[in-house]
Protein chains: 4
Amino acid sequence: MDYVYGPGRNHLFVPGPVNIPEQVIRAMNRNNEDYRSPAVPALTKVLLEDVKKIFKTTSGTPFLIPTTGTGAWESALTNTLSPGDRIVSFLIGQFSLLWIDQQQRLNFNVDVVESDWGQGANLDVLASKIAADKAHTIKAICIVHNETATGVTNNLATVRKILDHYQHPALFLVDGVSSICALDFRMDEWGIDVALTGSQKALSLPTGMGIVCASPKALEATKTAKSVRVFFDWNDYLKFYKMGTYWPYTPSIQLLYGLRAALDLIFEEGLDNVIARHGRLAKATRLAVEAWGLKNCTQKEEWFSDTVTAVVIPPYIDSSEIVRRAWKRYNLSLGLGLNKVAGKVFRIGHLGNLNELQLLGCLAGVEMVLKDVGYPVKLGSGVAAASAYLSNATPLIPSRI
Amino acid sequence: MDYVYGPGRNHLFVPGPVNIPEQVIRAMNRNNEDYRSPAVPALTKVLLEDVKKIFKTTSGTPFLIPTTGTGAWESALTNTLSPGDRIVSFLIGQFSLLWIDQQQRLNFNVDVVESDWGQGANLDVLASKIAADKAHTIKAICIVHNETATGVTNNLATVRKILDHYQHPALFLVDGVSSICALDFRMDEWGIDVALTGSQKALSLPTGMGIVCASPKALEATKTAKSVRVFFDWNDYLKFYKMGTYWPYTPSIQLLYGLRAALDLIFEEGLDNVIARHGRLAKATRLAVEAWGLKNCTQKEEWFSDTVTAVVIPPYIDSSEIVRRAWKRYNLSLGLGLNKVAGKVFRIGHLGNLNELQLLGCLAGVEMVLKDVGYPVKLGSGVAAASAYLSNATPLIPSRI
Amino acid sequence: MDYVYGPGRNHLFVPGPVNIPEQVIRAMNRNNEDYRSPAVPALTKVLLEDVKKIFKTTSGTPFLIPTTGTGAWESALTNTLSPGDRIVSFLIGQFSLLWIDQQQRLNFNVDVVESDWGQGANLDVLASKIAADKAHTIKAICIVHNETATGVTNNLATVRKILDHYQHPALFLVDGVSSICALDFRMDEWGIDVALTGSQKALSLPTGMGIVCASPKALEATKTAKSVRVFFDWNDYLKFYKMGTYWPYTPSIQLLYGLRAALDLIFEEGLDNVIARHGRLAKATRLAVEAWGLKNCTQKEEWFSDTVTAVVIPPYIDSSEIVRRAWKRYNLSLGLGLNKVAGKVFRIGHLGNLNELQLLGCLAGVEMVLKDVGYPVKLGSGVAAASAYLSNATPLIPSRI
Amino acid sequence: MDYVYGPGRNHLFVPGPVNIPEQVIRAMNRNNEDYRSPAVPALTKVLLEDVKKIFKTTSGTPFLIPTTGTGAWESALTNTLSPGDRIVSFLIGQFSLLWIDQQQRLNFNVDVVESDWGQGANLDVLASKIAADKAHTIKAICIVHNETATGVTNNLATVRKILDHYQHPALFLVDGVSSICALDFRMDEWGIDVALTGSQKALSLPTGMGIVCASPKALEATKTAKSVRVFFDWNDYLKFYKMGTYWPYTPSIQLLYGLRAALDLIFEEGLDNVIARHGRLAKATRLAVEAWGLKNCTQKEEWFSDTVTAVVIPPYIDSSEIVRRAWKRYNLSLGLGLNKVAGKVFRIGHLGNLNELQLLGCLAGVEMVLKDVGYPVKLGSGVAAASAYLSNATPLIPSRI
């Protein structure tokens, strides 16, 4: 079953799915259980309470849906909106594109605000649209917090400020797939109505759980939302929450115990420390890219992503060859350039349960691969730049002091 | 994390999720992988080919969807039908009820054929409806092969005969959640258009994969089906099948390797031997029930289910107490009676990777619990009846001869 | 790698190695660690403290040796005795025989007190020998607490009484391999000088750790013991205990974490409850054997073992055929008759992390196998007898009340 | 149970225990089994045949002993020699010292040939002793192939040449603990009589299995060897080999399946490729050390070890502080300096299932730690030197071409 064996560990640096910590793999190493026994509701109850912390919400209601990020998107949209509803949505890369595609196929009236790939959402355009929308025809703003294809992080606080400024009631729906548990994310403070992520991203679990959190306003919206939904219907969940049995259909026992372990690790490290660690590893990566003489696909510093760096390579090199080569020679998994930036960028995912030396190993590998494909890199230069920074910035591991 | 520790193994006899074989648990004990590397498509390709065998189809197209049985239902309906389409559906227990509820919420025009809980689908009524439907207003027949709530197995061959007899073009959609890989199931021979199951049932995996198989006719139907769908859209899968990358969104690497191991075990035992084993364990269970002087919820032998037995208990006993007691005293997980039969039946699931002595341990446990709740059972009687049969019927384990 | 696949779980009823609880399997599912980091001594320190509880000692010093029971024996003997030393040892079955063989090969002067296989140690003979030994030429009494080959438990309290009565200073060395953590065992109260067990017995771990506990008197004896020893030398351990690094050579990290989990489970259940559970399962087994009309190899009730029952079968049946058949047809692993009782007895191990329904499944299997080999058993009779008892004796699981 | 949690993977670069590949962890993730069933002998038989390949022997007889390297040493000595026998043994570091200590405590007459720590065995002295020993009073040459404390590899071929040249019949006993499966090792070609390793070294398993291989001449020697031995007695094994049951006492089922998986990985990669990979990673490490301006503890290139590099640091730095700091800040486990070189060297283990980027991550970590402790290192310099070499020397992964 190992079609492609290579010695040593796979260096997994795609921006998801990410490395699962051993503690989580262990927690999931178990037989099935009857989810109708008293044990599973007891576990679920605490999980629902604890998972709110990663959204920084106290008023939100979380749903742990057996699906992927794509399903979580669908859940966010269909539970709060009706066909024909006007949405403002930002196209800035492949994942925002896919979400917009879904929005259109779900028959919403999508007002697409497009930016160059590598730029963040154009919030000036948003401000104009909101300003102009006295009639409140805009029902929701849909925004990807972190565009995984280009390594661009949008400013959610500004979105909220715009809405507040114009006292606009639009729902604020956020794809936090590659941000929650890794970037600064404040659901309550930023007045986010639906936030969502997937288990295989910064939570560092296997794929299979869409984690969605709805504000009271979003829950209220379900009452009038006419979008057809059954599997993704929050009200089915809420019915079972009320009964204390929690599950409208069978959950994955393994993912529940895995989530328990994943949250325990995050809380042990401290969520803010986890976020700081992501910031540290991301900055180290950017310093390496600079040292190699390469450009970040992200066009301005304000949009730099702390979970993924998309690296632009010179036109005479095909970035897919970098990804292929990394995997074939060094057991290093990098992210491909997607769609518009296919062949032009490769991506380094630096999210999830990861530390400094794992990243430096990756950077050392990227350097060698760059050399392989004919880019005139100075071997060691990226690692030197990254470790110059990390050797100052990295704290001692608290439990080991 | 073990809120409810009891010594020894949990005896898991709910009709799903079922026991996962150690081989499968092992296969899933792994880190995430980049699903865009060449390894995952190579694995997927073979899985898609092999999974067809458990449906007994060569012409079908399978989809491995990160969802549950409920999602698989939704996938079957929305990909082949349009809102307002007339469906004939059979209400014979809780799970057919839930599917009908979904059909109605998805805005189909559901022609419900109801039977007493404990009876199979009324195929005479189907025949009349089909005979009367010269205009072919009926677009689909939806039927649960095995109603898990009552232990009733419907006769799918007869459904096909009726449709053929009247040359009716309705799609034939089958919920095989608690049947496929356990009961005799012949997708091609019976002209089934969509068949589906969930990973946590007879395949003996964790929950999280809906396995759906579509006939060429069902695929053709997607072209005109106007139901809104995105996450569940087969065409997104087909697009990626064509590209050879297979996944429109992130799959669970662990479930893919788990499915590989599960199929390997089924093929090693032989699918027909697996089905025969289910027949053997089911018959033993029914003999025990008879020996206890209790009645099978299933009203006629032709409907007896080989994956779950719903046992009717006298009115002076609350069947929930049996389930609670079994769990509290003997670490035995039995199925509750649901909805109409709540409190009246308890259920013994005997599906998945299970053998004779596991079942006999369960039956011995049920006897003691029956005594506990005041039913005048003769201890040992059920085990005696079951083992009298099993001691003749059980073959030697082929690999050990 | 599964040469002999059979569906469902293996029913492991040999008297060791026994079933490993899922919690322990999980705890051991891990990478290696540097045993010289501060983490491993911290873990070891607590383990050494906690492991004393299963011996019921506060004054003893435990050693966790990477070896088997055979090595633990050697450790007990060579650390406390000198070649030529006179030992009184009891031959009552295969394992006492093997220990005596070891004692002789280690050049001790072994005074063997033999009993029929099926009888306990002849303590009257011990009393005479001790009475006669005014000169204290006897340096040690070596006794197997529970002879696994015949299911005979010896009375250790009486041994102590005899020694005390004659104020005899002989060391009291006890093989507790199939007793500790399962039978009533009181190292301090009974004045035992060395007690030992193996990880794969009632502790329910994999094989590989010999757990030895030495009284202060035994430690004192190491100073004069001239037996050659290096790998097994306790003083090497003590040197590292003093330094706080604990390990004279590399321990198995996995077994350390496994032991931690195993002890946690035992303490959660309560050691005395664990022992009571062993008593309950053993009595149920003996009642089944009686119901089958078969005889216990153990000749008197006072010697009945609560961890293993050796069942005598009529001379016209070869007991090996029972063991073979159980494995080939029902995936049931029973113990063979060994040496003198080969072909005459088969053994049911009922020790470790095991519950009522697992045992009843085993007994149902034994019945069917007895029928297979031509013994006129009434199917269900053993299960009936066992469950009549168990349905009264089994308490509710505390954590589930 | 995780006393010392740190985010991301532990970087395990002690020279054993080493990283266990996920495939091996998976294979060991299992319940116990009856080792007397036909399955375990079938597995063992093939293992014994296959394990000979890692010794490069066809005539040797392997023993898989539940013990550590220390026990494997004892097994090698006591099975072939008698107390008082004259042995020539080489003291070149901590592990040869410990083996010599064992030899002395086992009452052999040890002729110690001492070298400076950092030098190899003085084979000129061996030649003189052999030349002088016309009476063949020397019964055995004991040599550590690779001294793990100093990173010194001895030349075994020369030892054989010396013995052959003088037609000396001394047994040739080799500690291959940190060499076998990693360095060029040729038991048959070099006429080695006993070779041994431990599971936790280059085989990349957990600790707990001593793997010993005896030449026909060594087996012959057991007949006259008077050393007391029971647990370690090869003849007990041979008796069970003959019976086809293989085990004189209980083996670890988990380690057997783990060994199967470990050998499968080694054979898939190709033993010679495994050895080449060790050479490559070792050379890269040495180039990094050189770039840092530090000295290898190994004094001459001919002794350079391809499994561990001991790095000498300036006297103003305590090497223990490097090891502590690496663990506390970067989750990096390095080897301490031991005994004579305590505080003076730290060690990088580069053996077992390991690849280029893992090593480069380690080297990047060492650089930062060197800076932390006040050594004027140029960050990135070691990685640059190592990757300059590796980017040329590393082949594509065969299964991925």
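1. Conventions. Residues are numbered from 1 along each chain as its sequence is written, and chains are lettered from A in the order in which they are written. In this predicted model local features need pLDDT of at least 70 and side-chain atom pairs count only at pLDDT 80 or more, while totals for chains, interfaces and linings use all residues, and side-chain values use heavy atoms, leaving out hydrogens and water.

2. Helices (H or I, at least four residues) and strands (E, at least two) are DSSP runs, numbered from the N terminus.

3. Salt bridges in chain A. Over all chains the structure holds 103 salt bridges, each defined as a side-chain nitrogen of Lys or Arg within 4 Å of a carboxyl oxygen of Asp or Glu. One of them joins A:Glu22 to A:Arg26, with the closest N and O atoms 3.1 Å apart. These two residues are 4 residues apart in helix H1 (residues 22-28) of chain A, a separation of about one helical turn. A:Arg26 is buried at a relative accessible area of 7%, where buried means under 20%, exposed over 50% and partly exposed in between (1.4 Å probe, protein chains only). Another salt bridge pairs A:Asp272 with A:Lys56 at 2.8 Å between the closest N and O atoms. This pair links distant parts of the chain, 216 residues apart: A:Asp272 belongs to helix H10 (residues 271-291), and A:Lys56 to the loop between helix H2 (39-55) and strand E2 (61-65). A:Lys56 is partly exposed, at 29% relative accessibility.

4. A helical pair in chain C. C:Asp101 and C:Arg105 form a salt bridge of 3.1 Å, N to O. Both lie in helix H4 (residues 94-105) of chain C, about one turn apart. C:Asp101 is partly exposed at 30%, as is C:Arg105 at 26%. In chains A and B, salt bridges that share partners join A:Asp101, A:Arg105, B:Arg229, B:Asp233 and B:Asp236 into one network.

5. Helix H11 of chain C. This helix (residues 319-330) has 12 residues and spans 16 Å between its first and last C-alpha, close to the 16 Å expected at 1.5 Å a residue; the expected span is 1.5 Å times one less than the number of residues. Its buried residues include C:Ile322, C:Val323, C:Trp327 and C:Tyr330. At the start of the helix, a side-chain oxygen of C:Asp318 comes within 2.9 Å of the backbone nitrogen of C:Ser320. C:Asn331, which follows the helix, has a positive phi near 55 degrees.

6. Aromatic pairs. There are 50 aromatic pairs over all chains, counted when ring centres of Phe, Tyr and Trp (its six-membered ring) lie within 6.5 Å; planes under 30 degrees apart are stacked, over 60 edge-to-face and the rest tilted. C:Phe63 and C:Trp234 are stacked, with centres 5.0 Å apart and planes at 10 degrees. C:Phe63 lies in strand E2 (residues 61-65) and C:Trp234 in helix H8 (residues 234-243), 171 residues apart. C:Phe63 is buried at 0%, and C:Trp234 is buried at 0%. C:Tyr237 and C:Tyr249 pair edge-to-face, at 5.7 Å and 90 degrees.

Conventions:
Polar contact = N/O pair within 3.5 Å; in protein donor to acceptor, adjacent residues only side chain to side chain.
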